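Please look at the sequence and the model before reading on.

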Amino acid sequence: MAWNGRDMKERLNQFSSAPPHTRMLVCADGSTTLLLDALVGERLSVRVDHQEQVPAARVRRIGCQILGAAPDALVVDRQTRILTPDDEVISVNRVVIAGRESDRLVPPPDELLGPYLKKVGLALKREPLAVSRDTWPLGGTSPACVSKEYIIDCGGAGRVYVHERFNPRFVPLEPRHALEPLERNGRYT
């Protein structure tokens with residue numbers, strides 16, 4: 001489901017002072033990984049911080065209400081960080097996977113979710129849930145950041161809930177000061 005015109009206008013209004021690349025990320029209904037790859041100009045990698053199978057009732061809002069799993073059905077609860085080639089964290093993600101073939105939807109620890117799902121040949125349909133201002137969870141200052149939630153519908157194989165919070169150094173809410181350099185050696189600073 002693509003953003004409808006009213007949703008798009010609300011998102012653009014909420015992030016009207018954000019730089020263009022932030023507004024594009026907020027409004028996109030396709031692969032976030034491809035957009036982040038383009039933003040940093042290099043291939044990203046993933047680090048799995050936590051992954052376990054749990055009853056959907058343990059993550060009730062996501063597992064039961066959003067993904068529609070029965071309370072006793074097992075879902076995969078996964079927390080990851082997307083890293084630049086210099087091991088800087090560009091996003092922190094919470095992923096919950098539910099469905100008959102949920103094991104098939106879990107990528108190996110060194111593969112990014114979206115590209116992996118595409119590689120295994122699944123028809124993917126993204127369903128946007130929310131875009132908002134959030135708190136960046138890493139570092140001591142807890143600055144504001146952009147947050148995005150959506151579902152990846154993988155047909156009969158299952159559904160995947162994704163909540164991404166983006167590092168404000170890469171995806172800022174406000175434009176950088178005009179005198180600040182945007183790039184150093186071809187990379188954002």
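Is R43 buried or exposed? R43 is exposed, because its relative accessible area is 66%, and the word exposed stands here for over 50% relative accessible area, buried for under 20%, and partly exposed for what lies in between, with a 1.4 Å probe and protein chains only. The model is a predicted one, in which local features need pLDDT of at least 70 and side-chain atom pairs count only at pLDDT 80 or more, while totals for chains, interfaces and linings use all residues. Residues are numbered from 1 along each chain as its sequence is written, and side-chain values use heavy atoms, with hydrogens and water left out.

## Helix α3 and its surroundings

Helix α3 spans residues 32-40, and its buried residues are T32, T33, L36, D37, L39 and V40. Seen down the axis of α3, these buried residues fall within an arc of 160°, so they line one face of the helix; the arc is that of the directions from the helix axis to the C-beta atoms. The face turned away from this buried side carries the exposed residues L34 and A38.

At the start of α3, a side-chain oxygen of S31 reaches to within 3.4 Å of the backbone nitrogen of T33. After α3 comes G41, whose phi is positive, near 75°.

## Salt bridges

A salt bridge is counted when a side-chain nitrogen of Lys or Arg lies within 4 Å of a carboxyl oxygen of Asp or Glu, and a search of the whole structure finds eleven of them.

| Salt bridge | Closest N to O distance |
|---|---|
| R43 and D37 | 3.8 Å |
| D77 and R94 | 2.7 Å |

In the pair of R43 and D37, the aspartate D37 is buried, with a relative accessible area of 12%, whereas R43 is exposed at 66%.

D77 forms a salt bridge with R94. Because D77 lies in strand β2 and R94 in strand β3, the pair ties together parts that are 17 residues apart in sequence. D77 is buried, with a relative accessible area of 8%, while R94 counts as partly exposed at 25% relative accessibility. Elsewhere, salt bridges that share partners join R47, D49 and R81 into one network.

Which residues does D77 touch, not counting residues up to four places away in sequence? With contact taken as heavy atoms within 4.5 Å, D77 touches H50, Q51, E52, V54, V59, R94, V95 and V96.

## A loop residue

D87 is found in the loop between β2 (74-83) and β3 (89-98). D87 has a positive phi of about 65° although it is not a glycine, and at 56% relative accessibility it counts as exposed.

## The nonpolar interior

In soluble globular proteins, nonpolar side chains tend to be buried together. A nonpolar core is here a set of buried Ala, Val, Leu, Ile, Met, Phe, Trp, Tyr and Cys residues joined through side-chain atoms within 4.5 Å. The largest such core has 19 residues, and those with the most contacts inside it are F15, L36, L44, I90, V146 and V171. The elements that give two or more residues to this core are α2 (20-27) and α3. Leaving aside neighbours within four places in sequence, L36 is in contact with L25, L44, I90, S91, F166 and V171. Apart from this core lies another, of 15 residues, among them I97, L117, V160 and V162.

Key: Helices (H or I, at least four residues) and strands (E, at least two) are DSSP runs, numbered from the N terminus. A polar contact is a pair of N or O atoms within 3.5 Å; within protein, one must be able to donate a hydrogen and the other to accept it, and residues adjacent in sequence count only if both atoms are side-chain atoms.
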